Amino acid sequence: MSMNRRAFVHLIHHVFPLNKRLLWFVGLKSLLVCQIVNCSKRYHYQSISTGGIPQAIGSLSNLEELYLDNNKLTGEIPSEIGNLVQLQILSLWNNSLTVISLSFNQLTGGIPQAIRSLSNLEELYLGHNKLTDGIPSEIGNLVHKRYHYQSISTGGIPQAIGSLSNLEELYLDNNKLTGEIPREIGNLSNLNILRFTGSIPRETGNLSKLENIYLNDNGLIVTLELVQNHLSGNLPSSIGTWLPDLEELFIEYNEFSGTIPLSISNMSKLIKLDISAKSFVGNVPKDLGNLRKLEFLNIAINQLNDEHLACEVGFLTSLTNCKSLRTLSVGYNPLKSTLQNSLGNLPVALEKFYASTCQFRGTIPTGIGNLTNLILLVLNANRLTGLIPTTLGQLQKLQVLKIARNRIRGSIPNYLCYLKNWGYLILSSNKLSGSIPRCFEDLTMLRELYLDSNALAYNIPSALCSIKGLLVLNLSSDFLTGNLPLEVGNMKSIIVLELSKNLLSGYIPRTMGELQNLFTLSFSHNRLQGPIPVEFAHLLNLDSLDLSQNNLSGIIPNSLEALIYLMYLNVSFNKVRGEILNGRPFLNFPAESFIFNEALCRAPHFQVIACHKNTPSSSWKTKASILKYILLPISLIVTLAAFIVLWMRKRENLEVRTLIESWLPGIHGRISYQQLLFATNHFGEENLIGKGCLSMVYKGVLDFQGALRSFDSESQVMQRIHH
């Protein structure tokens, strides 16, 4: 340091008392030169200074104005600047400061204009002051990482805050901010800590990196939505104490775990609660019944149970106090309880009840008929048995019934037809038997009907085809017989028609061509015969067509090339012949779509014979080959078999002949599946004899006249045969 500079510093040190001097250091390029006008109150320093502001600035306790404009200052504003209790003006225009910390002061007014111009600012701490002018819109041009603004600030949060795409931490709690948190907060994709007061917008769900959210002492929060984030850990045990006035809590589809806090029952104003799609475990708190204003409750897709003693009240029964409850969703939880008749004591206001895959046991309680406002009832994939209760006919408002994948038995009751508002009737995969009620034609509002995978028999009633608004009809995997009704063409709105795996016979009606909205059609695994209707070409929206495993014959109609949206076709295991079409939809179908037919031909990769044009001579040679190599051996075999039969008739006595005749096919009647159902009481457990690795054995009583007499005769004949 030169002599002049040493003398200057020495002068400053001795001339000004401690509270009126500035103690600076030598910068990277030059010594800071003081331009002091009444240093005790005002300090103005400008141009080409480098480095940072020293901590010693805090010694100027009487300083009222500090101007550091147009410098090259970098780094942080030291926290010691907070000691300047008399400071009224701070000017930092055009600097490269990255951190400003002015927390725990008595600062008033708004954020200084100087701070608003610091484009390199990364961290700004203004908490615990008396700022009153709110958050400036220019904030969107500033902070890159952290923003802390706390204590009695007023005004709203500007939309420009959404421009801080690099912001990692935002603290806005314990203020008097008004209005709503702007939706633009969802643009802060790097935010991992959020602390504030007020209603949380749904866009908060876009904050995929959010790790911590602080909601302490937020009496102003009415709605809390933290949907589809990656929030993890346990819910705070005191969340109900912190948010006593909360009306809506949506935290579904996160990664929370642990138990549901009992303190939630303290949220006496709660109207909607959704804590679904997480990993909550343990018993469902019975104290949820204390939420008297609750209208919507969703705890689905967790690992919750409802274990309790027989003398204790179950979770569902505890909700009887929630008189305003309209929607209840408990599905996909291992509740493992029996549906009690007290289910009918749930609030009469209940409109929707979702309880799929809950491992419920027992029967559908008759008390369900008390819920007269019920619109939707979903009990899929449980372990329910017994019959469909008659009290279900009391639910005149019911539109949706889903009880698929249970063990419901008996016939489909006719009183279901009394409910005229049916929209969706899903009875799949049960043990229902008997016929399809003809009265279904009265269900004019029905849109989807699933009766598949049961033991339904007899013909498809033609009355079913009069439901003009029906969109989906699934009758697959039953024991339906007879012909397809010609009236099938009346279902003009149908988009899915699934009739596979039945015993249907006869021809496919040509009226099928009138179903021009059809997307999916399956007749596979039946006994249909005759040609593929050329009218199928009118099904221009068809996406999937399965005609496999039938007795269809003839050729594939050329008109099917018009089905440009056809993505799946299967005509295998039929008697179809001729050339496989070359049009656009047929180019991508695999060989499996055509195998095991009578005489289909095309390119070798379809695993069928190649197509050849026949000449008169080649046709004659083909016929000669058939006569020589096929018909002649067959005639010889038939003649030989007839000779053997005649010879054996002469040799054996009448009883042995009777035995031989009993072995021939077609003598004894076949036992139908319906007879087996009645004989074994629908394969009831009381008729179960034993179980093996692959099957179970049931006992049953079949009623056949003369069966015992026939058995005795056959036994006597068997005794006389010598092996």
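Two strands are taken to pair if DSSP finds at least two bridges between them, and helices (H or I, at least four residues) and strands (E, at least two) are themselves DSSP runs, numbered from the N terminus. The structure is a predicted model, in which local features need pLDDT of at least 70 and side-chain atom pairs count only at pLDDT 80 or more, whereas totals for chains, interfaces and linings use all residues. Residues are numbered from 1 along each chain as its sequence is written, and side-chain values use heavy atoms, with hydrogens and water left out.

In strand β38, glutamine 529 is the bridge partner of tyrosine 507, and the pairing of β36 with β38 is parallel, over three bridges. Strand β36 also pairs in the parallel sense with β34, again over three bridges, and there asparagine 483 stands opposite serine 505 of β36. A further parallel pairing, over two bridges, joins β17 to strand β19 (residues 279–283), with serine 257 placed opposite serine 279 in β19.

In a regular strand the side chains alternate between the two faces of the sheet.

Another salt bridge is formed by glutamate 514 with lysine 492, whose closest N and O atoms are 3.4 Å apart. The two residues are 22 residues apart and again link distant parts of the chain, glutamate 514 lying in the loop between β36 (503–507) and β37 (520–522) and lysine 492 in the loop between β34 (479–483) and β35 (496–498). Glutamate 514 is partly exposed, with a relative accessible area of 37%, and lysine 492 counts as partly exposed at 40% relative accessibility.

In the salt bridge between arginine 510 and glutamate 535, the closest N and O atoms are 2.8 Å apart. Arginine 510 lies in the loop between β36 and β37, and glutamate 535, 25 residues apart from it, in the loop between β38 (527–531) and β39, so that this pair too links distant parts of the chain. Arginine 510 counts as exposed because its relative accessibility is 61%, whereas glutamate 535, at 11% relative accessibility, counts as buried.

Aspartate 306, in the loop between β21 (303–305) and α4 (315–318), is buried yet has no salt bridge, and the nearest side chain of opposite charge, that of lysine 286, is 4.5 Å away. For this assignment, Lys and Arg count as positive and Asp and Glu as negative, while His and the chain ends are not counted. The side chain of aspartate 306 does reach the backbone nitrogen of phenylalanine 315, at 3.0 Å. With contact defined as heavy atoms within 4.5 Å, and not counting residues up to four places away in sequence, aspartate 306 touches Asn283, Lys286, Gly314, Phe315, Leu316, Leu335 and Ser337.

In soluble globular proteins, nonpolar side chains tend to be buried together. A nonpolar core is a set of buried Ala, Val, Leu, Ile, Met, Phe, Trp, Tyr and Cys residues joined through side-chain atoms within 4.5 Å. The largest nonpolar core has 110 residues, and those with the most contacts inside it are Leu328, Phe353, Phe440, Leu497, Met512, Phe523 and Phe536. Apart from this core lies another, of ten residues, among them Leu68, Ile81, Leu84 and Leu87. Leaving aside its neighbours within four places in sequence, leucine 328 is in contact with Leu297, Leu316, Leu319, Leu346, Leu350, Lys352, Phe353 and Tyr354.

Serine 544, in strand β39 (residues 544–546), counts as buried because its relative accessibility is 16%. Not counting residues up to four places away in sequence, serine 544 touches Phe519, Thr520, Leu521, Leu566 and Tyr568. Cysteine 601 is found in strand β43 (residues 599–601) and, at 11% relative accessibility, counts as buried. The C-alpha atoms of cysteine 601 and arginine 577, 24 residues apart along the chain, are separated by 7.6 Å.

Technical notes: Buried < 20%, exposed > 50% of the residue type's maximum accessible area, 1.4 Å probe, protein only. Salt bridge = Lys/Arg side-chain N within 4 Å of Asp/Glu carboxyl O. Polar contact = N/O pair within 3.5 Å; in protein donor to acceptor, adjacent residues only side chain to side chain.
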